[in-house]
Amino acid sequence: MCICVNCLYVDRCNTYYAVEAQHQQPHLTESPDFEPVEPSINVNIRPQQDYIEMEWDVVGCASFTEDMGRWARLRPGEAIPT
């Protein structure tokens, strides 16, 4: 699971913006202004019948500042990305 959903900077972060783009999800912001330090991304590759599915998760970041439930508060009622 992406640590970003519980990060203070999720709605301002350039790396999370890129992850949203990879997942073809709506952005929390159209103009991220925060450049995280040393983000670490895992990419899981799953072959399907006629395509390859890739899941991107930020699993580490020197800038991570915990704010439990941050993403959920920004998008109330929506399913939290896993």
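**Entry 1: Arg46 and Glu55**

I began with Glu55, which forms a salt bridge with Arg46, the closest N and O atoms being 2.8 Å apart. I counted as a salt bridge a side-chain nitrogen of Lys or Arg within 4 Å of a carboxyl oxygen of Asp or Glu. The model is predicted, so I note that local features need pLDDT of at least 70 and side-chain atom pairs pLDDT 80 or more, while totals for chains, interfaces and linings use all residues. Residues are numbered from 1 along each chain as its sequence is written, and side-chain values use heavy atoms, with hydrogens and water left out.

I then looked up accessibility for the pair. Glu55 counts as buried at 16% relative accessibility, and Arg46 is partly exposed at 32%. Here buried means under 20% relative accessible area, exposed over 50%, and partly exposed in between (1.4 Å probe, protein chains only).

**Entry 2: other salt bridges**

I searched the whole structure and found 6 salt bridges. One of them joins the side chains of Arg12 and Asp33, at 2.8 Å from N to O. This pair links distant parts of the chain: Arg12 lies in the segment before α1 and Asp33 in the loop between α1 and β1, 21 residues apart. For helices I took DSSP runs of H or I with at least four residues, for strands runs of E with at least two, numbered from the N terminus. Arg12 is partly exposed, with a relative accessible area of 34%, whereas Asp33 is exposed at 55%.

I also checked Glu78, which forms a salt bridge with Arg75, the closest N and O atoms lying 3.8 Å apart. Glu78 is partly exposed at 42% relative accessible area, and Arg75 counts as buried at 16%. Elsewhere, salt bridges that share partners join Arg46, Glu53 and Glu55 into one network.

**Entry 3: helix α1**

Which residues of α1 are buried? In this helix, residues 14–22, I find Thr15, Tyr16, Val19 and Glu20 buried. Seen down the axis of α1, the buried residues fall within an arc of 145°, so they line one face of the helix. The arc is that of the directions from the helix axis to the C-beta atoms.

What covers the buried residues of α1? The cover includes β1 (40–47), β2 (52–60) and α2 (70–74), with contact meaning heavy atoms within 4.5 Å.

Last, I looked at what follows the helix. After α1 comes Gln24, and its phi is positive, near 55°.
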